[in-house]
Amino acid sequence: MEKIVTRESWIRENIFLGMSFRDYVKSNLTPFNFIAALILIFGVPVMVYRIIYGLGPATNLSDNNPWGIWIGFDMMTGVALAAGGFVMGTAVHLFGMKEYRPLVRPAILTGFLGYLFAVIGLLFDLGRYYRLPYPMFVSLGVSSILFLVAWHVALYLTTQFVEWCPAIFEWLNMKKFRKFVVSLTIGATIFGVILSTLHQSALGSLFLLMPSKLHPLWYSSLIPVYFFVSAIIAGIAMVIVESMLSHRVFKEQVPKMAMNHAQFNSITIGLGKAASALLFTYFCLKIVGVAHGNHWDLINTKYGYWWLVEVVGFVLIPAFLYAFGVRNDNAKLIRITSVITVIGIALNRVNQSIICFNWNIEEQYIPSWMEVTITITIITIGLLTFRWIINRMPILYDHPDYEIEH
Amino acid sequence: MGINRRGFLKHLTAIGSTAVVGKATKGLAQEDFTGYPNSYGVLVDTTVCIGCRKCEWACKNVNNLPNKPITEYNDKSVFETNRRTHADTFTVVNRFNNSKNPDKPIYVKKQCMHCNEPACASVCFVKAFTKSPEGAVVHNPSVCIGCRYCMAACPFNIPAYQYDDAFTPEITKCTFCFDRIRKEGGVPACVEMCPVEALTFGKRSELVDLAHERIRNNPDKYVNHVYGEHEVGGTSWLYLSPVPFDEIGFRTDLGTTPIPKYSRGFLSMVSVVLVTWPALCMGFYSFSKRREELAKNESQNNKEEE
């Protein structure tokens, strides 16, 4: 039954989605692609400018504010929002919650790309990006928390790639390779849990060494726990948001999915339940942190109000909204709440690393338009990559030729 | 699959245990460290400094930084803003109002404090910083990748970055004239230059005694505090002041805990996670697998009964 596959037909089927080159190009003339193209035409030269002229002309970074949005947003927020891969992997492969299986592959792909593009963002931030392997192989600063972050992010990127591989090999129809990488699933999942626990909390722990620079409401010895718990929340919320968007953007794939509409809603509600419980826990931990330092007096200050916006507006209220949505079987409310939660986690990471950092000196950092442009460009490239893969590989649905793994 | 998993776990244990051992020894070394004995320091007496800024000139001169003729350093207009160190300026002198004697402003030299337990060194993931036995905290730009964590972590905001260098930017800061002081009789350029002996170079332990002696002998002239004796675990550079230190640009809320110690709680958790998580995960996996098998058997039994 072997089909004769010529190179032309292979490219047509696997790259051009079964269309001729001309039809494929035509099918890409969409408003979204037009905007994406505009961003790239504008953004890529800015990236080149940063490389050629350096950080000084391209950014508003200074000696007092050495970290900007490429660290505070791209890295800190990107990695937190990419936690869905390990959260869903743990739930399905280790805890045996099989009903969530349809969300594992999209979560792992989101995770892999999230990390990948966070690292790409980091390359623009590093003064000597070409020395990226130095902390791994050349000069090892083992006492640094950043050393742990570097190693773990690198290892986790690899782990997530391995977890993504089954989809690649199904796409390329390489059965033997696919069988091998599928056999690695449990090992990769466990390795991923360990790495994620440590580097998610380590990203927050970077700030443990800045007690004199962070606002006391954001500085606590609990920072590692905050970052870890909120990363799980971010992962869950992002999985909900991502699955919601995928159902709209990739409509044609919905009939192929391993879940019907009712199942999809019930999965969403199940995730909402977990998110609600975790948000309440996170809220309590935040309160414990303030109680620990006895910083109640600071609540009634400018920064205190801002803290309330974050902790009440984007933690406590979503926690209640999730609970309400679960009670009333309202998947739509859970999806909306997830958007709020994702924004809340981003707000927390930006507060932690930019807004409430150096709160006691006059010089405040506001990103330059070039920094913002590069961030938007990286996100756009990330989205395009995500879409390219989703359109080709069996991520949202099960490939009919392969049995379900595990 | 079994072999794969076993092999994988074996590797994992190896990685885990090296991390544990590596970190534990490092932690112990930090535990009782109170600075190198016989390390050098500088005592800055702000009651003596006249704000001539000749130390700034000498510093740029000895470090081959872009410099101006020494006469231009008489320009007093620079004192109108509070300055900090930058890529081509390792030391600056700032002027502060004297609350005790308004006619006599206080001049304060700023440069790297050369902490006994430097934050910059502990956060650097390429080990670019070393605290030398002589007391100098020295930066090695040949391994630096430019993450700028040292700048974010320094409680004194000292390290600066060559932001305008596109391809080979470096972290810069006061070197304590390491190449000079490691030689017998060598003195930092700024100390050598100071025309009024506001700066005293010597063994740190002796300078601490000297500072307290000056305070004892002139209790009206100084506040009873030697800045840098205990701040963030002690620094090689020490300061005397006629007014409370927060009035002349020093942070008095830094505490006496060395900055690296703030990461210890987390680092000790790392080994716990590395050891317990794999076991926990395998446990959860076995439970869910067993549950699945039981469910399968049950449904099979049910079928047979039918």
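User: Two residues are in contact if their C-beta atoms, placed from the backbone, lie within 7 Å. Which elements of chain A do the buried residues of α16(A) pack against?

Analyst: This is a predicted model, in which local features need pLDDT of at least 70 and side-chain atom pairs count only at pLDDT 80 or more, while totals for chains, interfaces and linings use all residues. Residues are numbered from 1 along each chain as its sequence is written, and chains are lettered from A and ligands numbered from 1 in the order in which they are written. The buried residues of α16(A) (20 or more other C-beta atoms within 10 Å of their own; exposed means 12 or fewer, partly exposed in between) are Glu371(A), Thr373(A), Ile374(A), Thr375(A), Thr377(A), Ile378(A) and Phe386(A). They pack against α3 (31–53), α5 (69–81) and α7 (104–125) of chain A.

User: How are α6(A) and α7(A) oriented, roughly parallel or roughly antiparallel?

Analyst: Axes are lines fitted to C-alpha atoms, for helices over the stretch in contact, and angles run from 0 to 180 degrees between N-to-C directions. The axes of α6(A) (residues 84–94) and α7(A) come within 7 Å and cross at roughly 150°. Angles under 35 degrees count as roughly parallel, over 145 as roughly antiparallel, 65 to 115 as roughly perpendicular and the rest as oblique. That makes the pair roughly antiparallel.

User: How many charged residues does the contact of α6(A) with α7(A) have?

Analyst: From α6(A) come Gly84(A), Gly85(A), Phe86(A), Met88(A), Gly89(A) and Val92(A), which meet Val104(A), Ala107(A), Ile108(A), Thr110(A), Gly111(A) and Phe112(A) of α7(A). Ala, Val, Leu, Ile, Met, Phe, Trp, Tyr, Cys and Pro count as nonpolar, Asp, Glu, Lys and Arg as charged, and the others, Gly among them, as polar. The contact has seven nonpolar and five polar residues; of charged ones there are none.

User: What is the hand of the crossing of α6(A) and α11(A)?

Analyst: The two helices pack at about 135° with their axes 9 Å apart, α11(A) being residues 185–205. They are therefore oblique to each other. A crossing is left-handed if the near helix is turned anticlockwise from the far one by less than a right angle, and right-handed if clockwise. This crossing is left-handed.

User: How many nonpolar residues does the contact of α13(A) with α14(A) have?

Analyst: α13(A) and α14(A) pack at about 145°, with axes 8 Å apart. The crossing is left-handed. Contributors from α13(A) include Ile269(A), Leu279(A) and Phe283(A), and those from α14(A) include Val311(A), Pro318(A) and Tyr322(A). By class there are three polar and two charged residues, and the nonpolar ones number 14.

User: Is Asn294(A) buried or exposed?

Analyst: Asn294(A) sits in the loop between α13 (261–293) and α14 (302–327) of chain A. Its phi is near 50°, a positive value in a residue other than glycine. It has 9 C-beta neighbours inside 10 Å, so Asn294(A) counts as exposed.

User: And is Arg148(B) buried or exposed?

Analyst: Arg148(B) is in the loop between β5 (137–139) and α4 of chain B. It too is not a glycine, yet has a positive phi of about 70°. Its C-beta neighbours inside 10 Å number 26, so Arg148(B) counts as buried.

User: Which element gives the most to the side of chain B that touches chain A?

Analyst: 56 residues of chain B are in contact with 50 residues of chain A. Elements of chain B giving two or more residues to that side are α1 (2–31), α3 (119–123), α4 (149–153), β6 (160–161) and α8 (264–305). The residues on this side of chain B divide into 35 nonpolar, ten polar and eleven charged. With 14 residues, the element that gives the most is α8(B).

User: What percentage of the residues in chain B do buried residues make up?

Analyst: Chain B has eight helices and nine strands. Of its contacts between residues at least 6 apart in sequence, 63% join residues at least 24 apart. Among the 306 residues of chain B, the buried share is 39%.

Technical notes: Helix = DSSP H or I, 4+ residues; strand = E, 2+ residues; numbered from the N terminus.
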